[in-house]
Amino acid sequence: MIVAAFAVSCEGPMGPVGPAGKVNKVWNSDLKVLKNQWQTGDDIIGPFYFFDLQIPQLDREMINGDGLYQLMLRYKDDGYEIRQTLETTIYHTEDDGYLWSENISAQFQEGWARVLIRYSDFDMNRTPPDIMEFIFAGMY
C-alpha cells in the first residue's frame, strides 16, 4: 500500500526562490555558576535550587519578536563534551545501584534567565556541582 502511494504521488514544477533570510545579530556566550552562588526556593511542585544568569543580549526584541534563543548545559561525560539544551533530565546511578535524577530548566526574562535544578525525591541534601557551565545562544 505504501508503494502504491509513492507510485501515484507526483511533484509539479518548482516555484521561484524566496527572499534571503535576514539575521541582524547572533550571540554565543559562555556562562558559569559556582556552587556557592545557588539559592534555594520552593513552590507548589517542591524545593529547588536556582540562579539568575545575567544575559544582556536577551532583550525585549529577541523575546517578543522573531528571535531564537536557547540555553545549553555544558558538561563532560566519559571524556566527551556534552551540550544539552534545557530543559533536560540527567540520570545518575550510585555504586550501590540507587538511581536518582536532576532536572535542569530555564525561565527567560528580559536581560536574564533563571536556571532551576530539581533533584529526584526533592532531595535538598544533594547540591549542584562546584561549577556548572552554560552556553547562551541567540539570534534575530
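**Before you start.** Residues are numbered from 1 along each chain as its sequence is written, and side-chain values use heavy atoms, with hydrogens and water left out. Because the model is predicted, local features need pLDDT of at least 70, side-chain atom pairs count only at pLDDT 80 or more, and totals for chains, interfaces and linings use all residues.

**Stop 1: the open sheet.** Strands here are DSSP runs (E, at least two residues), numbered from the N terminus. Two strands pair if DSSP finds at least two bridges between them. Select E1, E9, E4 and E5. They form an open sheet of 4 strands in the order E1-E9-E4-E5, with antiparallel pairing. E1 (26-34) and E5 (80-85) stand at the edges with a single partner strand each, so one side of each is left without a neighbour in the sheet. From one strand to the next, the twist averages 25° (axes are lines fitted to C-alpha atoms, and angles run from 0 to 180 degrees between N-to-C directions).

Now keep E4 (residues 68-77) and E5. Their antiparallel pairing covers 6 bridges. Find Arg74: Arg83 in E5 stands opposite.

Stop 2: Select residues 88-93, strand E6, and residues 99-109, strand E7. They pair in the antiparallel sense over 6 bridges. Thr93 stands opposite Leu99 in E7. The hairpin has 5 residues between its strands, and Gly97 in the turn has a positive phi of about 95°.

**Stop 3: on to E8.** Follow the chain from E7 into E8. This hairpin has 2 residues between the strands, and Gly111 takes a positive phi near 90°. E7 and E8 pair antiparallel over 8 bridges. Ser105 has Leu116 in E8 as its bridge partner.

Gln54 stands opposite Trp112 in E8. Of the 8 residues of E8, 6 are buried, so E8 is largely enclosed by the rest of the structure (buried means under 20% relative accessible area, with a 1.4 Å probe and protein chains only).

**Stop 4: the core.** Which residues touch the most other members of the largest nonpolar core? Of its 23 residues, they are Trp38, Leu53, Leu71, Ile104 and Phe134. Such a core is a set of buried Ala, Val, Leu, Ile, Met, Phe, Trp, Tyr and Cys residues joined through side-chain atoms within 4.5 Å. E8 gives the most to this core, with 4 residues.

Finish on Leu53. Leaving aside neighbours within four places in sequence, its contacts (heavy atoms within 4.5 Å) include Leu31, Val33, Leu71, Trp112 and Phe134.

Technical notes
Buried means under 20% relative accessible area, exposed over 50%, partly exposed in between (1.4 Å probe, protein chains only).
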